[in-house]
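The sequence and structure go in here before anything else.

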Amino acid sequence: MNLNLTTCNSQPGFASGSRLRFPATPRQDAPASPATRNQASPPAPDYAFQLRLDKTPRQAPQPETWLCIELPVIEYQKARDLQSYLVSAKKDKIIDSDIILILEHPPVFTLGRRGGLENLSVSESFLEKSEIPVIHVERGGDITFHGPGQIVVYPIINLEKARLAVTDYVSNLEEVMIQTAKDSGVQAQRNGLNRGIWVGKKKLGSIGIAVRRGISFHGMALNVNLSLEPFNWINPCGLQNIKMTSIQQELSHPVDMQHVRRSLKKHFKSVFGIELAVTDIKELYRDFKLGA
């Protein structure tokens, strides 16, 4: 019950918050008799009032629900094609919900919009022998490495609908990774040198996004149990004389990847103020009548 008092004079007998509405003019009494016209003015007449009861409590706005699709280790190009398809479906309003993809990649080097081949410190023949491809993509940033044991999250979201500036969005992604690392016992922080998260002077998580007609894709990569050796073949993110690290390296033992995935989802919900509805790719295609 929500009662609001609209006069500065409180009236006894009403609970705090009662709303009392007074008419603009007082109730008119009968005209005074001639015998009393010259007497002192009578007390001000009583005001009539109405008690309005608000019987419907105000409901807090419901958080947005994003779809969450968890995938295993999937080739980089397949994940990239899936993102492009989902971005187009959102642009064409076939899909209204925002979506996050959680997955891992086989070993691959990717180059952002700034390029990065000059930051590759091994020869092409060496790469051929290692069988690690190099793919140039539309995300921001420079060269980086993805591999099994690194959790990659690709949110496909409408930034305008989510009321997020790009800088705020990137800060939120950093916060998700910071809190996720903390759950595993690793204290990470931001660093003005480069977006992402750091443990001292070692980089633990990277961010690289693209925005197409207000819809963001690509995303973030958190090093959990992956081999760090391929990072020694590049200047990660175009930065010289830095080292990459992982949760495993910081703790000196591997961690449960499923535990880290659960932690990521928990912090996506708290940082972005959303709910997640876990689904799979087949259900997504079926529910939205998408082409396979």
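Which side chain meets that of R261 in a salt bridge? I found that the side chain of R261 meets that of E70, at 3.1 Å from N to O; I use the term for a side-chain nitrogen of Lys or Arg within 4 Å of a carboxyl oxygen of Asp or Glu. R261 lies in helix α5 (residues 257-272) and E70 in strand β3 (residues 65-73), so the pair ties together parts that are 191 residues apart in sequence.

Before going on, I note that this is a predicted model, in which local features need pLDDT of at least 70 and side-chain atom pairs count only at pLDDT 80 or more, while totals for chains, interfaces and linings use all residues. Residues are numbered from 1 along each chain as its sequence is written, and side-chain values use heavy atoms, with hydrogens and water left out.

**Entry on accessibility.** I looked up how open the two partners are, taking buried as under 20% relative accessible area, exposed as over 50% and partly exposed as in between (1.4 Å probe, protein chains only). R261 counts as buried at 5%, whereas E70 is partly exposed at 26%.

**Entry on other pairs.** By the same rule I have a count of 13 salt bridges. One of them joins K91 and D92 at 3.2 Å, N to O; K91 is partly exposed at 32%, and D92 is partly exposed at 48%. Another joins D96 and K161 at 3.1 Å, N to O. D96 lies in the loop between α1 (76-91) and β4 (99-104) and K161 in the loop between β8 and α3, so this pair ties together parts that are 65 residues apart in sequence. Here D96 is exposed at 53%, while K161 is partly exposed at 36%. I also noted that salt bridges with shared partners join E70, E104, R261 and K265 into one network.

**Entry on the largest pocket.** I then turned to the largest pocket, a pocket being an open set of points on a 1 Å grid, where a 1.4 Å probe fits, with protein on both sides within 12 Å along at least five of seven lines. About 390 Å³ of space lies in the largest pocket. Its lining has 26 residues, and G140, G141, I207, G208 and I209 lie nearest its centre; a lining residue has an atom within 4 Å of a point. Which strand gives the largest share of this lining? I found that β10 does, with five residues.

Key:
Grid points are joined across faces, edges and corners, and a volume is the space filled by probe spheres set on the points. Helices (H or I, at least four residues) and strands (E, at least two) are DSSP runs, numbered from the N terminus.
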